Amino acid sequence: MSFDALLFLSFGGPEGPDEVRPFLENVTRGRGVPPERLDEVAEHYHHFGGVSPINRLNKEIIAALEAELAAQGRELPVYFGNRNWHPMVEDTVARMADDGVRRALVFATSAWGGYSGCKQYHEDIARARESVGERAPELVKLRQFFDHPLFVEANADAVRRAFEELDPAQREQARLVFTAHSVPLRADEQEGPDGRPQWYSRQVAEAARLVAEAVGVDGYDVVWQSRSGPPQVPWLEPDICDHLDDLHAKGVRSVVVSPVGFVSDHLEVIWDLDNEAKEKADELGMGFARAGTAGPDPRFAKMIVELIAEHTDGAPPRKLSELPAAGSTTNGEPCAPGC
Ligand SMILES: CC1=C(CCC(=O)O)c2cc3nc(cc4[nH]c(cc5[nH]c(cc1n2)c(C)c5CCC(=O)O)c(CCC(=O)O)c4C)C(CCC(=O)O)=C3C
Ligand SMILES: [Fe+2]
């Protein structure tokens, strides 16, 4: 099939102190996040001058993607739109229509299924098309890529580099710990296309297994970070900081933490890991090395082009796990019944 453009669809983030509150209002509209949690998260953004790194990081990925498309002789203009902050996806899709785009692919910057990582992006696509009306282009979302070999290799190399950062004495017995964004247990109950529940956490477990295997590490853990919501609502656990206590009690003296759940060094990574988890490790006297994320690795842009080629050239999907491919639908239709 032929496509006129690619829409690079992401989360969005504030670019100055005055934008923090309105951004957070957009993120949490109707989502039942208590005001105390919002105040706390606003503080994290203000710690960095009210600027999230996410927009800059996404622009870097887009530049790498444009270079890769050009190198392969593929003509596909890239548009950038976000769910929660400017450039808003509604405005971007309107501009695509103005430019005469009739049919476009959509790359959403989450590797995962589940509500926040996939379904909500389908909702964004449907909402943006609705706001543009009849002129709106057809929008075909690319699939989830948690087990794509290029995603796995980029994360594996980042983990290897993190092990190198530790003192040789610590490196030997350092524990490898993967983290991803926690979600409410209720949200994680959601089924995958295989009809089995916990689609999101099973994908995270699978990505961690594949990365650990690529690095050649047998023992590792999968834990969670950045929980939100009211305290009485159960979310995926353990939290990374509690897990560091546990590991310490078991005699572990150094860790390599891989934020495999995040595509690049978002605020959750640079605050919740590089500040909070690092501080916890320091208190416990544990060695701590945080692995990089896949986004800045040149293989990430190459992976996006491979995902595109699955649609434009009928290229066979490259994936390392047995879990079914999912997340690719047209115009924001749900992936599967119940999704
Ligand atoms: C699974 C998942 C991913 C990973 C998949 C993916 O990448 O999509 C992710 C990514 C991100 N989450 C982000 C930011 C925020 N997430 C929030 C809140 C929430 N996230 C949730 C889940 C996820 N979130 C959930 C269930 C909530 C509760 C409210 C709700 O049910 O929607 C809040 C509100 C305050 C708070 O409570 O933390 C903020 C500010 C940013 C941008 C960071 C930056 O600026 O660099 C990114 C990439
Ligand atoms: Fe989030």
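Predicted model: local features only at pLDDT ≥ 70, side-chain atom pairs only at ≥ 80, totals over all residues.
User: Is Arg-175 buried, partly exposed or exposed?

Analyst: You need 20 or more other C-beta atoms within 10 Å to be buried, and 12 or fewer to be exposed. Arg-175 has 19 C-beta neighbours inside 10 Å, so the label it gets is partly exposed.

User: How far apart are the C-alpha atoms of Arg-175 and Ser-254?

Analyst: Leaving aside neighbours within four places in sequence, Arg-175 is in contact with Gly-219, Asp-221, Leu-247, Val-252 and Val-255. Ser-254 sits 79 residues away from Arg-175 along the chain, yet the gap between their C-alpha atoms is 6.4 Å.

User: On to the annotated spots. Where does Ser-52 sit?

Analyst: An unreviewed UniProt entry lists Ser-52 under "binding site", together with Tyr-121. Not counting residues up to four places away in sequence, Ser-52 touches Gly-13, Pro-14, Tyr-45 and Leu-267. As for its place, that's the loop between α2 (35-47) and α3 (54-71).

User: Which residues does Tyr-121 contact, leaving aside its neighbours within four places in sequence?

Analyst: Tyr-121 is part of helix α5, residues 115-132. It is buried because 24 other C-beta atoms lie within 10 Å. Beyond those sequence neighbours, its contacts are Leu-9, Ala-108, Ser-110 and Lys-141.

User: How do α4 and α5 sit relative to each other: roughly parallel or oblique?

Analyst: Two packed helices are described by the angle between their axes and the distance between the axes. Here the axes of α4 (residues 89-98) and α5 come within 8 Å and cross at roughly 55°. Roughly parallel needs an angle under 35 degrees. This pair is therefore oblique.

User: How many charged residues are in the contact of α4 with α5?

Analyst: From α4, the contact uses Val-89, Glu-90, Val-93, Ala-94 and Ala-97, and from α5 it uses Asp-124, Arg-127, Ala-128, Arg-129, Ser-131 and Val-132. By class, six of the contact residues are nonpolar and one is polar, while the number of charged ones is four.

User: What is the largest C-alpha distance in the "binding site" annotation that covers His-181 and Glu-268?

Analyst: That pair comes from an unreviewed UniProt entry. The two are spread over 88 residues of sequence but cluster in space, with the largest C-alpha distance being 8.4 Å.

User: Is His-181 buried or exposed?

Analyst: Because it has 24 C-beta neighbours inside 10 Å, His-181 counts as buried.

User: Which helix holds Glu-268?

Analyst: Glu-268 is buried because 20 other C-beta atoms lie within 10 Å. Not counting residues up to four places away in sequence, Glu-268 touches His-181, Gln-225, Ser-226 and Phe-262. Its helix spans residues 267-284 and is called α11.

User: What about α10 and α11: are they roughly parallel or oblique?

Analyst: The axes of α10 (residues 240-249) and α11 come within 9 Å and cross at roughly 20°. Anything under 35 degrees falls in one class, and so α10 and α11 are roughly parallel.

User: And how many nonpolar residues are in the contact of α10 with α11?

Analyst: α10 supplies Ile-240, Cys-241, Leu-244 and His-248, and α11 supplies Glu-276, Ala-277, Lys-280, Ala-281 and Leu-284. By class there is one polar residue and there are two charged ones, with the nonpolar count at six.

User: Last one: what separates the C-alpha atoms of Leu-24 and Ala-42?

Analyst: Leu-24 is in helix α1, residues 20-28. Leaving aside neighbours within four places in sequence, its contacts are Leu-38, Val-41 and Ala-42. Leu-24 and Ala-42 are 18 residues apart along the chain, and the distance between their C-alpha atoms is 7.7 Å.

Conventions: Residues numbered from 1 in each chain as written. Chains lettered and ligands numbered in written order. UniProt positions renumbered as here; feature names shortened; annotations may be inferred. Helix = DSSP H or I, 4+ residues; strand = E, 2+ residues; numbered from the N terminus. Contact = placed C-beta atoms within 7 Å. Axes fitted to C-alpha atoms, helices over the stretch in contact; angles between N-to-C directions. Parallel < 35°, antiparallel > 145°, perpendicular 65-115°, else oblique. Nonpolar A, V, L, I, M, F, W, Y, C, P; charged D, E, K, R; others polar.
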